[in-house]
Amino acid sequence: MQQFQQYIDGAFSDGAAQFESKDPATGQPWALMPEARAEDVNRAVNAAERVFLDPEWTNMTATQRGKLLLRLSDLIAENAPRLAEFETRDTGKIIRETSAQIAYVAEYYRYYAGLADKIEGAFLPIDKPDMQVWLRREPVGVVAAVVPWNSQLFLSAVKIGPALAAGCTVVLKASEEGPAPMLEFARIFDQAGFPKGVLNIITGFGPDCGSVLTSHPKVAHVAFTGGPETARHIVRNSANNLASTSLELGGKSPFIVFEDADLDSAVNAQVSGIFAATGQSCVAGSRLVIQRSIKDEFLARLKEKAENVVIGSPQDMATEVGPLCTLRQRDRALDLIDRSVAQGARLVIGGQVPEGAGYFFPPTILDCTDAPDAPCVTNEFFGPVLSVLSFETEAEALAIANDTQFGLASGLFTRDLTRAHRMMRGIRAGIVWVNTYRAVSPIAPFGGFGLSGHGREGGVEAALEYTKTKAVWLRTSDDPIPDPFVMR
Ligand code: NAD
C-alpha cells in the first residue's frame, strides 16, 4: 500500500498513528495515511506560530508573498494531472471533474498572488486638528483550516490563498476521508520557496485532531468547511481562545424554474446542479421548485437524462457519475429515501444501490408534491438525489425557496427580467444564479446565510477575513498634552 506523510515545519514525517484509506470505487484499502494526534497538532501550531513572529515572514513584503503564491500557482498547474489522479483515487470524484477543477485551483492562487499587495489600509479624516490616524490591516495570526473530503484542493485553496496573501500562517487539517490529494499538495507547496512552517498539512479524525486544532490557544482564526453539527462543535471550541471563525456549511439549495424558461438550458443546469460531483457538492441544487404547468414535461426530460448518465469508474474520462466517497454516506442516503417514501414521496427514478463493489449510487429523483415535509426536502443528502416541489405563483415559488434553514445557493430560470430582479432580491442565499448554475470564480465571494454559515471565501472579502484593523494615532502638535484627566 502507498504510504503518505504529514507536512510540519517544512518537513515530512509520520503521524502519531496510521490509518487505512479506502478507494471508494472498490471499497478496498489502497494507502496508509498519517494520523495526527495532539502531539502532531501542537508541533504544527507551534511551527506556524514561530514563523508568524519570525522577521523572515513578518518583514517579507506583500509583493514578495504574492510572488511566492504565483510560483505555487505555476507548480499546481504543472502538477495538475498528478493532483487530479490522487483526488480521484482517494475520494472517488470523477477524473473529468478533478482535472478541470485543479486547473482552476491554480487560478485561485494566481488571484490571491495578485491581491497580496492590494490589501490596503486607510487614512482617516479624523475630527482633531493635531492628530493623524491610519488604519493598518494586519494578519490575524495562526489560522486553523479544516476541510471535508469533497473538493479538498479547491476548498483549501480558498483558505490558504487569502490567508497567506494577508500574511497569516496556516495549519490545515485534511479530511480523514481521502486526504491523499492534500498530502500530495504538500510536496508541491514545499517547492514554492515559502519559509518553513508557513503552511503545515496534517490529517486525522475529528475528536483527536480537528478538535485539538480548532481549540488550540495559539490559533487566532478557524476557517472551516463541513457540516453544521461539526461547525457547532468548532464554535463552542473557539470560545476557549475567542478565535474568530468563518464557516462554509452545507445547503439545500432551491433550483427554481418558471414556465417561460429556456427548458433545454434549465434541464442541463439541473443535471449539473444535482448529479455532477455525484451530488457531493455543498451548492447542489437539490430542491427542484418547478412551475406546475411544466412539471410533467420537465420531469420527463430530467428522467431521460438521468437514465442515460454514464456511471462507472471515476478514473475513466467517460464517466459522469462515480461512487460516493464513503459507505456511511450511501447508507445515510438510502435511509433518507426510505423515510421519505414512507411519508408519501414518489420515487421517479433511482434509489437502488447497483450490484458490485464500491460505493456507487445512481441518479435519483423523488417527487415530493404530496410530501412537502418529507426528510428528503429538508435534509442535505450530499448525494445525487433530487427532491421535486411545485408551485403556481411567483410568491409561492419564493416561499418554497426560502423554506429552509440553509441559505448557500439558489438557481433561477426565467426569461422575465423584472421577475428575475424581484426573485433575486427575495431569495435568502449567498449566491443566486440566474439562468445558470454552479458557476464559480476566484473574483466572486462565496458563502451562506442561516445554517449555511458565515464569512465569505473568494474575492477580496475572503482576504479581509484574515486581517484585523489596527488604528494608529499620531499627535502632530509639539505643545504639551493639556489636561491629562480629560479624554480628547
Ligand atoms: P464534517 O463536518 O463531518 O467534517 C468536515 C471536517 O471537520 C473533517 O475534516 C472532519 O475531520 C472535521 N471534524 C469533525 N469533527 C470535528 C471536530 N469536533 N472538531 C474539528 N473538526 C472536526 O463534514 P463532511 O461530512 O466531511 O462533509 C460534508 C459537509 O460539508 C456537508 O454538510 C457539506 O455541505 C459541507 N460542505 C460545505 C461546503 C461549502 O463551501 N459551504 C463545501 C463542501 C462541503
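**Entry 1**

Is Arg438 buried, partly exposed or exposed? I looked this up before anything else, keeping in mind that the model is predicted. Arg438 comes out as partly exposed, because its relative accessible area is 27%, and buried would need a value under 20%. I placed Arg438 in the loop between β19 and β20.

Leu242 went on the page next. Leu242 is not a glycine either, yet has a positive phi of about 50°. I found Leu242 in the loop between α9 and β12, the latter spanning 244-248. With a relative accessible area of 72%, Leu242 is exposed, since the cut-off for that word is over 50%.

**Entry 1: Gly447**

I went back to the loop between β19 (433-434) and β20, as Gly447 lies there. Buried or exposed, I wondered about Gly447? Gly447 is buried, and its relative accessible area is 0%.

**Entry 2: the largest pocket**

How much space lies in the largest pocket? I noted about 1,000 Å³. The lining of this pocket consists of 41 residues. Nearest the centre of the pocket I listed Phe224, Gly226, Gly227, Thr230 and Arg328.

Which elements give two or more residues to the lining? They are α8 (206-214), β11 (221-225), α9 (228-238) and α12 (327-342). Helix α9 has the largest share of the lining, with 7 residues.

The lining has 16 nonpolar residues, 16 polar ones and 9 charged ones.

**Entry 3: salt bridges**

How many salt bridges does the count come to? I got 29. Side chains of opposite charge can pair when their charged atoms come close. I then looked at a few pairs one by one.

Glu457 and Lys159 meet through their side chains in a salt bridge, at 2.9 Å from N to O. This pair links distant parts of the chain, 298 residues apart. Glu457 sits in the loop between β20 (453-454) and α16 (459-465), while Lys159 belongs to helix α6, residues 152-166. Are these two buried or exposed? Glu457 counts as buried because its relative accessibility is 5%, and Lys159 counts as buried at 1%; the limit for buried is under 20%.

Glu394 and Arg422 were my next pair, with their closest N and O atoms 2.8 Å apart. Here too distant parts of the chain are linked: Glu394 is in helix α14 (residues 394-401) and Arg422 in helix α15 (residues 417-426), 28 residues apart. Glu394 counts as partly exposed at 23% relative accessibility. Arg422 is partly exposed as well, with a relative accessible area of 40%. I also noted a network, in which salt bridges with shared partners join Asp74, Glu107 and Arg110.

One more pair for the page is Glu97 with Lys93, whose closest N and O atoms are 3.6 Å apart in a salt bridge. Both Glu97 and Lys93 are buried.

Which residues form a nonpolar patch on the surface? I found Phe123, Trp134, Val472 and Leu474, which together have about 340 Å² of accessible area. I followed up Leu474, which is found in strand β21, residues 467-475. Leu474 is partly exposed because its relative accessible area is 41%, and patch members need over 30%.

Last, I looked at Pro129, in the loop between β6 (122-124) and β7 (131-139). How exposed is Pro129? Its relative accessible area is 86%, so Pro129 is exposed. I also checked Pro129 against Ser477: they are 348 residues apart in sequence, and C-alpha to C-alpha the separation in space is 9.0 Å.

Methods. Residues numbered from 1 in each chain as written. Predicted model: local features only at pLDDT ≥ 70, side-chain atom pairs only at ≥ 80, totals over all residues. Heavy atoms only, no water. Patch = residues over 30% accessible without salt bridge, like charges linked within 9 Å, V, L, I, M, F, W, Y side chains within 5 Å. Areas by Shrake-Rupley, 256 points an atom, 1.4 Å probe, with all protein chains shown as cover. Salt bridge = Lys/Arg side-chain N within 4 Å of Asp/Glu carboxyl O. Helix = DSSP H or I, 4+ residues; strand = E, 2+ residues; numbered from the N terminus. Buried < 20%, exposed > 50% of the residue type's maximum accessible area, 1.4 Å probe, protein only. 1 Å grid on protein atoms, 1.4 Å probe; cavity = no way out; pocket = protein on both sides within 12 Å on 5 of 7 lines; lining within 4 Å. Points joined across faces, edges and corners; volume = space filled by probe spheres on them. Nonpolar A, V, L, I, M, F, W, Y, C, P; charged D, E, K, R; others polar.
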